[in-house]
Amino acid sequence: MAAIEASKSSTPLLKDELDIVIPTIRNLDFLEMWRPFFQPYHLIIVQDGDPSKKINVPEGFDYELYNRNDINKILGPKASCISFKDSACRCFGYMVSKKKYIFTIDDDCFVAKDPTGKEINALEQHIKNLLSPSTPFFFNTLYDPYRDGADFVRGYPFSLREGVPTAVSHGLWLNIPDYDAPTQLVKPRERNTRYVDAVMTIPKGTLFPMCGMNLGFNRELIGPAMYFGLMGDGQPIGRYDDMWAGWCTKVICDHMGLGIKTGLPYIWHSKASNPFVNLKKEYKGIYWQEELIPFFQSVTLPKDCTTVQKCYLELAKQVKAKLGKVDEYFNKLADAMVTWIEAWDELNPSTVLANGSTK
Amino acid sequence: MSETSINHDEVDIVIGALQLDLTSFMEEWRPVFSQFHLIIVQDPDLKGKLEIPAGFNFDLYTKSDIDGVLGSSSNAISFSGYSCRYFGYLMSQKKYIIAIDDDCIPAKDSTGNFVDAVAQHMTNLSTPATPFFFNTLYDPFCEGADFVRGYPFSLRSGVDCGLSCGLWLNLADLDAPTQALKPELRNNRYVDTVLTVPARTMMPVSGINIGFNRELVGPALLPAFRLAKEGNLRWETVEDIWTGMCVKVVCDHLRLGVKSGLPYVWRKERGNAIESLKKEWEGVKLMEDVVPFFQSLRLSTSAATAEDCVSEIAAAVKVQLAPANPIFARAAENMVELVKLWKRARTQ
């Protein structure tokens, strides 16, 4: 027991195993505040919008930057699956990364402070979350049992205490909470000031809204499922990119016996986007969601879907079959999902990923 | 969204007395308990007279009361040890029950304020639960929070909350092996949240600090399953774990919510985990087998009340678990008996 305690004392940096993916259309000034925590890592910047605009990356960061021209050049006709004029384009960064882990953050997210006033190294917490198991099959009332100072409670089945690999770490936001447009309109001044000192696994069979603002994941385990859909320019919907990726990812994780954690770390979200603009983007999503949720809640994947890609292609098939009638958009989206997988496999050729057992 | 406020006269606070001198326990809780009607049940195995300080409005039940009610009922039903508080649930006529173990005192939150655990349970029970979709900002009905982007609008009114499971600072409700391996481990982390445990997700429901809607789920919280040598330390019991799985199945079926998180109580040191390890472990091993049973259990659409649900669960236990071990046959029989007792108690 003592040996285990000693090895828990420092979290590995993983600096050669993790890429930080940042979509941006404005600037990257926010990186200055993150410098102490991000500087060791390689950044993948995905520049949305006008490719002729020069995005300044602060000195001292190791990065690669892709604008729309780069995306079109690299993917050719398959570039059609990558959104334009929407932060959904960030998933291009996941595809071109060669690392095991991804951390993605929005350019209006800053370093938060915990209740003691200490600055929170969000990346370190995501790494802790991803390197320790998840417990999706039985809820632990003391939350993440692998955290320092916690454990499994009485009554937690011993046979389930090993946990499963963690595929996703979903962080939260202080200050401007991630509300939809109607809620923003009703509560424009509400700020999230509650620091909930917990990480927990989202149980198997339960869906959740996955926000892409502060997100870590194991690219080797779940990367191909992290497609952020068709949003923005030329599309009837926006602000559902991360939601879509989250529902697909959760269904696949549940099928493959992988875990998703939510809770710490917090970042400080500084910008409230315009609720009227948001409403216009979300409007269709608010209605479509009512069809999408029952779809995802009842999706079953056949046993022979033993890799994430196979699961994802099966999902695309079912999206077309069952959601095509909701709107033509879903036919396009299903096609784009297939294109995404084709592009992923092309850019990641040796990765017929051994994704662990299928539960 | 429906929010009801709970009157104090709709609540019974049930205390299972496993020690004779309740003075310090009651004094610590006086600011809270003095506002409510209390049901105190003395562990029938505890000999002697309870010491209860003045100034409380309570009804006391002892072994003779329990024997009187059990009467000719099966000898297998026992309200001894930690199960004594279930007798209080049976006797209560109130809509809501809040129960706290007698080795727990009020906690302080992270700003040093006294935590009124009863008030928090009442808040949990009177605000909707959201079991069908996980809200990443946890309880959307509390001050300063709401549903996040992507949460379906049709699910935002929530459902009634049937059960409120609180937590423990200092001595957490860990099992004996865990506490024995980590004798210094104390829970110092105040997690400032309440959340709904999703539908179809099983959890260990600890009886140490709990509130529930007696009218909605009462019959599911009765002591049907006991270890052969159940002790009077929490490390040596699984009765609440069994009833907890039953009540979660019932809530899932009846579309009621189960919340977990705040309030915290401060649990005092008691007992020796390593000593407890020496006690019989058969029950704990058995509990491993019942988990898949409860996880896959589905009740019929005609089960519309908690009584119906418990009867169906008992029948399923008899068919699916009893063949492997007679302890389950007894549990199934107890459940049937207890539902009868429940119905009888309600008509009195």
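Modeller: In this predicted model, the side chains of Arg154(A) and Asp173(B) meet in a salt bridge, with 2.8 Å from N to O; the term salt bridge is used when a side-chain nitrogen of Lys or Arg lies within 4 Å of a carboxyl oxygen of Asp or Glu. Residues are numbered from 1 along each chain as its sequence is written, while chains are lettered from A and ligands numbered from 1 in the order in which they are written. Local features need pLDDT of at least 70 and side-chain atom pairs count only at pLDDT 80 or more, whereas totals for chains, interfaces and linings use all residues, and side-chain values use heavy atoms, leaving out hydrogens and water.

The pair of Arg154(A) and Asp173(B) joins two chains, and the count between chain A and chain B is ten salt bridges, while a search of the whole structure, over all chains, finds 31. The contact between these chains (heavy atoms within 4.5 Å) takes 60 residues from chain A and 60 residues from chain B. About 5100 Å² is buried between chain A and chain B, and carbon and sulfur atoms give 58% of that area; buried area is the accessible area, found with a 1.4 Å probe, that two parts lose on being put together, summed over both. Arg154(A) returns here, for together with Phe139(A) and Arg194(A) this residue supplies 16% of the area that chain A buries against chain B, which is more than any other three residues.

A salt bridge can also be found inside chain A, where the side chains of Lys261(A) and Asp144(A) meet at 3.2 Å, N to O. Lys261(A) lies in strand β9 (residues 259–269) of chain A and Asp144(A) in the loop between α5 (122–131) and β6 (166–175), so the pair ties together parts that are 117 residues apart in sequence. Helices (H or I, at least four residues) and strands (E, at least two) are DSSP runs, numbered from the N terminus.

Strand β9 of chain A also holds Pro265(A), and the peptide bond that joins Leu264(A) to Pro265(A) is cis, with omega about 10°. In chain B, the peptide bond from Leu262(B) to Pro263(B) is cis as well, with omega near 10°, and Pro263(B) is found in strand β9 (residues 257–267) of that chain.

Back in chain A, Arg239(A) has a positive phi of about 65° although this residue is not a glycine, and Arg239(A) lies in the loop between α7 (219–222) and α8. Helix α8 (residues 241–256) of chain A packs with helix α10 (residues 308–323) of chain A at an angle of about 125°, their axes being 10 Å apart; the axes are lines fitted to C-alpha atoms over the stretch in contact, and angles run from 0 to 180 degrees between N-to-C directions. That angle makes α8(A) oblique to α10(A), since angles under 35 degrees count as roughly parallel, over 145 as roughly antiparallel, 65 to 115 as roughly perpendicular and the rest as oblique. Among the residues that make this contact are Trp244(A), Cys248(A) and Ile252(A) of α8(A), together with Tyr312(A), Leu315(A) and Val319(A) of α10(A).
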